[in-house]
Amino acid sequence: MKSIYLTFLFVVCCMPLLSAQSETAQLAQEFTALFKKKDYPNAIKTGEKWKSSMYQTGIAKADSARVARRIMDLASCYKSTLQFRNSETVLQEALVIMPSDSVDYDAIKSGLGSVKTSLGKYQEADSILQDALLSFKKHRMDKGRAYNGCIQNLADLRFNQGLVQESYALYQEALAHCNTNKLGEGPLLARIYSGLYQISDAQGNYSQAEKWLEKSFHIISQFYPHDGEVVLGRQRQYAILLMKKGELQRAEPFLNKLIKLIEKKRGANTLEYARALCVMTCIDQQLGKIDEALHLTTLQDPIFTKNLGGAHFETIENKTNRITLLLDSGKKNEAKIVAQAILDTLQAGGKYIELRMATFYNLLAQCTENADSSLALREKAFNIVQTSSGQADGGHNADPGLLLAADYLKLGRLEDAQRILALFDDFEAKAGSKNSQFLKLQFHRAQLHLLQGNTSLALQEYTRLVNTRRELISSDLLLLNDYQRLNRFNQLRSMNNWMLTQCRNKDIRQAGFISLALDFQLFTKSLLLFTAQKIRENIQADTTLAPIFSAWKDTRERLAWCYTQPKTNLEKQNINIAALESRADSLEKVISRSSSALASENLRKPFVWTDVRDQLRPGEAALEIARFKETHLDPSDSLQYAVFIIRPEMRERPAVIFIEDAERLDQMMLEKYLAECAVPGGKGQTGQLYQAFWKNLEPYLKDISRLYVAADGAFFKINIGAIQLPDGQYVADRYDVRNVFSLKDIDTKNDAQGTENLAGKTAFLAGNPAFLLKKDGDTAAATLRAVSETPDSLTAFGPFESILRNADDVRGINLSSLPGSQQEVQELDALLRKKGWRTTLVTGLTANEDTLKALKNPGILHLATHGYFLSNVRSGAAGLSRPLLESNPMLRSMVFFAGAQNTLNHQPVGKEDGILTAYEAQNLQLEGTELVVLSACQTAQGKIQNGEGVYGLQRALRIAGAQAVLLSLWDVDDKVGREFMTIFYEKWLGGTGKAEAFRAAQLAVKKKHPKPFYWAGFVLIGG
């Protein structure tokens, strides 16, 4: 009886323990099942419950080997989900539990060494891995997978330490071991291929790297989920490879899809997400999206720091990107602080991270103004690379050599530069001709040849470089919105500046360098305008893009309205401008990419100076004006003008003259010239401009009667025809001056065409809008089509706030009525109808913005109204900040329609505000429109962008599709402006070409009103 009682008591007491052991066993089975299915997130949750239960029941002591192996699996789950700290913790636990004589003891040490590598604990990792390899051999376990994995872990460590050659030897050892011991084509072999990919990539051998990556991906896609971390990691590597090969047009959309997939599957706080953003940072930087790239570094930094620590190489890589971006933004002091802090961290890490220190010595050199100190840092970086890796001629190791060579060139140490550059003799074969570092190498080689006096070799290098740059930019531009294209274009201009500078060397002129420089200038001139036009043309040809294009236009229209609203109004209506801008940007990219094939093809078509020459007839010449920054290897840069002259009889090369001190010339043009020409009482004398500019051209213009001029810089804001010659005549008396956006636009065959052969003879005419909508009529008549304003209205307030501020602050901002413009459009309407044109005439209340935006491709668009250019960009509270206007100058040029004064008075009426900005004008439907006339004041004004023209109404109308644009340079006299337009249209409609009709009107008005103010205010651009 007593024995029965004791048995019962034993069972009762052990029941909870047995139950707990049963629960632990159940959790263990569930964890194992999830681990085998590679469901790592759920496996981790179950595994953590199992581990906690197992310690409570004491099973760990009873079956330590089995428990330790299961903990190893849990560590693997953590590592697969990039939770390296947790993986390190549990592996250390497993190492304590696992008997030291077990076959798995060394495998745990190998895994722990790998995790410590991922955490940046290189010295600890090295000690553990070396000990594990010796132990494998001691226990004669050096034939299996665990030993092979340990070799790979050590190879991975060496790569992260920057010891590339040692890493390569270890991976090759692992590959040979795998084949010798017949370990199969599984994840183990895939990992070896991946390691070899990293080595080839680091050495700049991208063709070989791609082969290794393809082998690795082929294997892992058979063993891992397609949305798992391993596969996603390989896809990220592929995006990086595309970027390094210069294939940004493929890399960016591929990576965008990958980022969205990672965010959906893994979340936006994971290491995998941060790593993908890190790649996108590099792509954005190459595309010139500096602000976007800087923002991405701020998103990545807390993720890397939290998961990996501040000293880990990936954390440091992100900070490296940030430093480079800060330098690109001109923030040297901020960059220097970050660089020095990281260098201090690296110096505490020992010899195994010396190679990474080289990067930061170079970054510090960029932040250092003193040339000697900068050179010393460069040399230190280069010596580290050579000592640590045994090479400095590719991949991660290329920059120190290239940067040092550039410094030697600047200092005139040509032998030292040549010695460094000789290390890169086989770099093109490894990296490819589109690799960004190879392009730097090519540029430095060309510089060296030039300084050594070997102009023929220099010309060969520059020619190849120009062709490659052209190919790359033709693709890259289509990835961007208009503002981002401008940033990209500015990067391209630096090379243009260098080439134009070299043209001043007489020896180079003999080598044919002038032709190459002009060809590159012709490619870059109006490149962004040309790109925008081609994209627009392709959209019209592809009906599938119509809905997207319509949505994009609607979004931009909404933005244009928002930009004129006070912030309080936007907040009340819960409008998010940033979200609208993001949507517009996204839609624009879709449109650009959808039409990229045709647009890229058009951009790549060679157009050279001889194409211009062959268009010219006897007695004609073309002028290509380029405003550039004279760029030397020393810091003595200055702004200059280069003027290329092309005549039909020139066979070998065009002529070129240089005008020094462009800033002084600009001041003369924009102040002295305008003071003499742009006011009714001006003297109309421009003799100084003749001496500074035109006198230099005259020797090349003998027997020339017609000039095609592609302007640049301040020449956009003057009428060259108004330059007075020594005999009292003007340039316009002696030469038929024809302005073109680019010399690509010259078409002498169609210059003389009138309007007889136009397909659709429709015209839209608008004049004298009712600016103030009220019962008692419009404001008083005016003699000038100018905005009346107080003297401080453009200096005391912000953009549009100077117009759209409170009524009490307006004080003199008035849009007076324009009865002369009404008479002008009525007379023109009668003339057009007489010639068989179908016309739409709107004045007063009907001359509104809504009607204009509803137009579809009129043959002629004639707007006689007030124009305005906002030259000041001070910030204000009306929604338009200074950064916004600086980044989008198309918002600063505008014309006014019915109701505009109500808007200026903060009492808007109707859907539209009556103010059509250049930003909005880009959206007009003007495909096939032969001519747009802006018979208003200052409509040719805008922000000048060297090489791209004026960012204002003329640019917007060309993008919208207009073939030619007639605009005004200054405030136009109402009566004389009407006379000018009447003569012009009578000539043009009578069968004379537009350019000839324009010249006839100019000379007729000049005969009656000799002062340039009356006859030189209008300009015709395009043909």
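This is a predicted model: local features need pLDDT of at least 70, side-chain atom pairs count only at pLDDT 80 or more; totals for chains, interfaces and linings use all residues.
**Entry 1: α45 and α46**

I started with helix α45, residues 974-989, and helix α46, residues 994-1008. Their axes come within 8 Å and cross at roughly 140°. Angles over 145 degrees count as roughly antiparallel, so I have to log α45 as oblique to α46. I also looked up the hand of this crossing, and α45 and α46 cross right-handed.

On the α45 side I find Val976, Glu979, Phe980, Ile983, Phe984, Lys987 and Trp988. Helix α46 answers with Lys994, Ala997, Phe998, Ala1000, Ala1001, Gln1002, Ala1004, Val1005 and Lys1008. Sorting the α45 and α46 contact residues by class, I get eleven nonpolar, four charged and one polar.

**Entry 2: α34 and α35**

Then I went to helix α34, residues 662-677, and helix α35, residues 687-697. Here the axes come within 10 Å, and I noted a crossing of roughly 155°. That angle is over the 145 cut-off, which means α34 is roughly antiparallel to α35. The hand of the α34 and α35 crossing is left-handed.

For the contact, I wrote down Arg664, Leu665, Met668, Met669, Lys672 and Tyr673 from α34. From α35 I have Gln688, Leu689 and Ala692. Which classes make up this contact of α34 with α35? I get six nonpolar residues, two charged and one polar.

**Entry 3: recap**

Definitions and conventions: Residues are numbered from 1 along each chain as its sequence is written. Side-chain values use heavy atoms; hydrogens and water are left out. Axes are lines fitted to C-alpha atoms, for helices over the stretch in contact, and angles run from 0 to 180 degrees between N-to-C directions. Helices (H or I, at least four residues) and strands (E, at least two) are DSSP runs, numbered from the N terminus. Angles under 35 degrees count as roughly parallel, over 145 as roughly antiparallel, 65 to 115 as roughly perpendicular and the rest as oblique. A crossing is left-handed if the near helix is turned anticlockwise from the far one by less than a right angle, and right-handed if clockwise. Contact means heavy atoms within 4.5 Å. Ala, Val, Leu, Ile, Met, Phe, Trp, Tyr, Cys and Pro count as nonpolar, Asp, Glu, Lys and Arg as charged, and the others, Gly among them, as polar.
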